[in-house]
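Please look at the model below before reading on.

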Amino acid sequence: MTDDVPEPDCLHGAPHPRETGEVYGHGAAEQRVLEAFASGRMHHAWLLTGPRGIGKATLAWRIARFLLAQPLMAEEGGLFGTPAPPNTLDIAPDHPVARRLAALSEPRFHLLRRPYDAKTKKLKQEITIDAARALKSFFGLSAADGGRRVVLVDAADELNPNAANAILKLLEEPPANATLLLVAHQPARLLPTIRSRCRTLPLLPLRAEDLARALAQAGAAAVEGPTAPGLSVLAEGSVGAAWTLIEEEGLAFYAALVQLLSRAPEIDRPAALALAQTPADRFESRLALIEVLLSRLARAGVLGPPQSEAVPGEAALLARLAPDARAARRWAALQEAQSARARHGAAVNLDPSALLLDTLLSIDAAAKAPSHAT
């Protein structure tokens with residue numbers, strides 16, 4: 001990819017999953033792939049599922065490197081007998097396959113993702129049928145080369161209906177020696193027939209220590225100070241979410257949000273106005289953090305304050321504003337309503353700061369309602 005063309009499957013400023021050497025926290029999933037390979041029952045399609053940003057694409061690239069580096073059939077017999085099956089997905093960084101995949105020049109590999117529209121200078125919102133049709137040419141050209149072939153779809157829940165049907169046909173009649181790796185953040189959005197023809201490989205959010213190791217590998221700046229422990233809490237085991245929190249100073253915003261609402265239902269209006277001032281490119285992440293707080297309020301009303309607070313003072317705030325299940329329902333309803341309202345406003349180009357301020361004032365108004373209100 002050229003420097004001026006964005007890649008849809010990569011966070012801004014972060015290394016691409018194909019450039020990431022280690023996968024943390026998903027050893028069990030790797031073992032399942034190795035066992036299937038060693039047994040000779042490698043499924044032709046794997047669906048990697050789990051929350052966004054936890055390493056699904058990184059693992060998919062790791063599987064692709066491994067498969068393409070293996071001979072199609074292990075030689076049996078010979079001077080030293082049949083070689084032992086591999087016990088790791090590791091491939092040397094200087095392996096020819098690793099180098100070609102890093103350069104997107106491996107002829108036996110195809111990456112299907114949202115295409116770039118040269119006319120609008122933007123990425124398309126879906127994986128189009130034209131992009132999916134390129135698979136026909138890929139399998140036609142690569143067949144002459146022999147060996148394994150791998151297709152990576154990132155992300156499968158971005159396929160438009162026609163592209164999804166093209167993938168379904170491929171899954172129904174898989175080409176010989178081909179493996180499809182489908183990354184899905186929301187597998188429920190996929191056609192049931194696509195899900196049924198794949199072997200699902202579910203991945204879980206990362207533990208705090210694995211999250212820290214993955215962030216260090218990606219080159220993220222270290223987080224220090226009283227809010228540092230909250231990074232894992234807010235990111236919920238997602239490297240992608242943690243990266244965005246660091247890059248966009250999300251921890252500081254969340255701490256300021258908790259401090260502002262500590263005075264609800266009589267928040268400081270000038271402070272709310274100052275907190276709402278945000279660049280347009282950070283609107284989505286700021287709105288997402290407000291939604292996180294509302295979600296945590298709803299959960300606190302049912303389960304009680306969380307064991308680990310994201311920032312100092314959060315637990316006390318959650319306990320005060322969400323003392324019971326009725327309050328929990330009120331916060332859940334507000335989260336849904338305000339999220340839809342703010343995103344609609346953004347879609348019609350309303351001022352992002354005004355939208356955030358409106359959301360903050362709505363939270364303050366909701367805090368005035370007694371806990372017995374419905």
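Tryptophan 61 is buried, and phenylalanine 109 is buried as well; buried means under 20% relative accessible area, exposed over 50%, and partly exposed in between, with a 1.4 Å probe and protein chains only. This is a predicted model, in which local features need pLDDT of at least 70 and side-chain atom pairs count only at pLDDT 80 or more, while totals for chains, interfaces and linings use all residues. Residues are numbered from 1 along each chain as its sequence is written, and side-chain values use heavy atoms, leaving out hydrogens and water.

How many aromatic pairs does the structure hold? There are 3 aromatic pairs. Rings of Phe, Tyr and Trp (its six-membered ring) pair if their centres lie within 6.5 Å; planes under 30 degrees apart count as stacked, over 60 as edge-to-face and the rest as tilted. In one of these pairs, the ring centres of phenylalanine 37 and phenylalanine 66 are 5.0 Å apart and the planes stand at 75°, so this pair is edge-to-face. Phenylalanine 37 belongs to helix H1 (residues 27-39) and phenylalanine 66 to helix H2 (residues 56-69), so the pair ties together parts that are 29 residues apart in sequence. Helices (H or I, at least four residues) and strands (E, at least two) are DSSP runs, numbered from the N terminus. Phenylalanine 66 counts as buried because its relative accessibility is 0%.

Tryptophan 61 and phenylalanine 109 form a tilted pair, 4.9 Å centre to centre with 45° between the planes. Tryptophan 61 is in helix H2 and phenylalanine 109 in strand E2 (residues 109-112), so this pair ties together parts that are 48 residues apart in sequence.

Next come the cores. The largest nonpolar core has 53 residues, and Tyr254, Leu257 and Trp331 have the most contacts inside it. A nonpolar core is a set of buried Ala, Val, Leu, Ile, Met, Phe, Trp, Tyr and Cys residues joined through side-chain atoms within 4.5 Å. Helix H12 (residues 283-303) gives the most to this core, with 9 residues. Apart from this core lies another of 28 residues, among them Trp46 and Val150.

Helix H12 also packs against helix H15 (residues 352-367), at an angle of about 10° and with the axes 10 Å apart. Axes are lines fitted to C-alpha atoms, for helices over the stretch in contact, and angles run from 0 to 180 degrees between N-to-C directions. H12 and H15 are therefore roughly parallel to each other, a term for angles under 35 degrees; over 145 counts as roughly antiparallel, 65 to 115 as roughly perpendicular and the rest as oblique.
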